[in-house]
Amino acid sequence: MTWFKIFQKEKIRDESEAVEYTLDGTVDLYGKPAVRGKTGRWTLGILILVNQGLATLAFFGIGVNLVLFLTRVVGQSNADAANNVSKWTGTVYLFSLLGAFLSDSYWGRYKTCTIFQAIFVLGLALLSLSSYLFLLKPRGCGVELTPCNSHSGFHVALFYTALYMVALGNGGYQPNIASFGADQFDVEHPKERHSKISFFSYFYLAFNLGSLFSNTLLAYYEDHGKWALGFFVSAIIALIALILFLGGTPRYRHYKSLGNPVSRFGRVLVASLKKWKVPVPEEGDSLYELDAKTYVKNGRKKILHTKGLSVLDKAAVPTSSNNEKNLCTVTQVEEVKCILRLLPIWVCTIMYSVVFTQMASLFVEQGAVMKVTIKGGFRIPPASMSVFDILSVASFIFIFRRVLNPLAIRLRSRGLTELQRMGIGLIFAILSMVAAGTVEVYRLKYAVKDCQDCEEASTLSVFWQIPQFMLVGASEVFMYVGQLEFFNGQAPKALKSFGSALCMLSMSFGNYMSSIIVTLLMKITARGSNPGWIPEDLNNGHLERFYFLLAILTTIDFMVYLYFASSYKYVQCEEPGESDGDEDSVEIDV
């Protein structure tokens with residue numbers, strides 16, 4: 001019996017010694033250090049990818065044909081519908097800031113994803129019910145030649161309430177699920193670090209594959225008046241996505257929330273203002289800082305000092321009073337510098353999002369006035385043309401990862417940086433607008449004269465839109481995947497969700513800017529008998545001029561982007577043991 005007890009103790013000791021924990025500070029569900037073999041990695045990463053794909057399918061089941069729903073069911077004009085879709089899509093991504101703030105500051109990414117996904121499901125359920133019970137009257141309405149009856153203000157208000165619940169749920173969920181998926185891979189482990197980089201590409205691929213079903217089958221049924229069916233299917237799929245996400249709860253890896261970042265940023269700004277007369281030493285060695293081990297204990301990393309924005313360095317200059325309220329660490333100062341340096345890059349991505357949003361609005365309206373029937377009388381839903389965007393994304397992700405990036409690594413050892421890839425994305429965006437404008441020129445050339453309430457306003461096939469969709473898809477692979485990696489990698493550890501939210505916020509501002517541009521152009525061009533560039537009947541307008549204008553604006557934006565990207569300073573962190581510094585004379589909230 002004694003020997004058996006000794007054997008059991010030795011076995012337990014051997015098992016405990018064999019346990020390997022993650023090195024990046026992640027914890028399990030119970031707040032204990034995460035065990036590498038039992039948490040995270042690709043098992044949970046794939047679960048999150050599936051969740052993202054299903055949630056995207058549900059979201060685009062609403063968004064892909066929303067512009068047609070607003071014109072055919074709600075009774076709005078083309079310009080008003082395009083503007084409302086842009087505003088709604090912009091609001092979706094604006095809510096990403098709220099989700100990122102709650103995640104980084106208080107709730108953590110898991111709790112935030114769960115709550116906002118629940119709101120998303122409820123919004124879809126309410127949208128489905130309100131549309132079926134109140135808006136789709138008479139039954140069978142909502143097709144191109146059978147508009148629905150007029151609606152009461154209450155019914156429309158209920159529809160918009162549900163629509164913006166969907167925006168809140170999806171917007172708050174999106175930036176956090178990307179960061180939460182990346183959290184499942186230990187950046188300090190060589191193999192998992194490589195997997196983390198791959199995850200962002202697969203994440204965007206899941207995003208596009210999720211929309212494949214909604215852009216084809218759901219879009220087909222909705223285009224034929226089966227709006228309620230499409231909306232109910234989206235609600236059910238969103239519920240399945242939530243259940244799958246909750247299924248991984250016991251094995252997820254988590255980062256602990258590090259408090260409100262606004263207060264830390266405010267502290268640096270206030271300290272630098274109070275010490276604006278204090279000279280900044282030429283070398284950063286004399287600035288106040290803690291050692292790297294102290295940051296590791298608090299779940300963060302020590303950021304090395306960089307030159308530039310030296311006015312903020314005043315916050316880290318020790319004074320004779322040694323007042324801890326006015327003394328910040330170099331890392332705290334560099335966090336603020338990091339966000340400020342990201343902003344010019346982020347601003348340059350907004351114009352790209354203006355181009356991207358045309359795919360869900362004016363591309364669809366352009367396709368609706370082209371020849372959409374093929375042999376056998378089969379009618380192609382204009383919104384389903386975005387399937388070529390999805391196929392382009394899938395193809396270019398494969399081409400980039402298997403061909404272009406390995407070739408670039410052979411030529412320059414490091415491969416293409418995120419900033420270089422984002423620049424390539426802008427070039428593809430310019431080409432997509434040129435292609436769309438050229439197609440519109442030929443569409444007008446083959447337009448049917450005196451076409452009023454006819455099914456096809458032009459004899460030019462809708463398949464001529466394929467190049468513009470393919471070019472947008474190629475641009476996404478370089479721009480949005482590059483953005484996800486860049487902002488998530490360069491944001492401070494306590495603001496990873498905020499880094500992902502910057503991508504969403506770019507899309508938000510892009511949608512709002514698109515709406516503003518369309519509104520201003522219609523006010524300028526629609527005067528007297530002139531119907532404007534984007535009238536109700538596109539055969540009487542000049543949509544091609546709008547596309548060419550966006551190409552010119554994006555080219556200017558690309559020139560500005562080159563300047564800021566070439567001067568950007570990357571964040572550099574110090575690992576424990578790289579420095580022997582041990583300063584702890586003043587207690588600082590790290």
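Mentor: Start with K337, which is buried at a relative accessible area of 0%. Buried means under 20% relative accessible area, exposed over 50%, and partly exposed in between, with a 1.4 Å probe and protein chains only. This is a predicted model, where local features need pLDDT of at least 70, side-chain atom pairs count only at pLDDT 80 or more, and totals for chains, interfaces and linings use all residues. Residues are numbered from 1 along each chain as its sequence is written, and side-chain values use heavy atoms, leaving out hydrogens and water.

Trainee: Which side chain does K337 meet in a salt bridge?
Mentor: That of D313, at 3.0 Å, N to O. A salt bridge is a side-chain nitrogen of Lys or Arg within 4 Å of a carboxyl oxygen of Asp or Glu. D313 is in the loop between β1 (302-303) and α11 (330-357) and K337 in helix α11, so the pair ties together parts 24 residues apart in sequence. Helices (H or I, at least four residues) and strands (E, at least two) are DSSP runs, numbered from the N terminus.

Trainee: Is D313 buried or exposed?
Mentor: Buried, at 4% relative accessibility.

Trainee: How many salt bridges are there in the structure?
Mentor: It holds 10. In one of them, the side chains of R253 and E192 meet at 2.8 Å, N to O.

Trainee: Where do R253 and E192 lie?
Mentor: R253 is in the loop between α8 (227-247) and α9 (261-274), and E192 in helix α7 (residues 190-223). R253 has 0% relative accessibility and counts as buried; E192 is buried too, at 5%.

Trainee: What network are they linked in?
Mentor: A network of salt bridges that links E20, R36, D186, E192 and R253.
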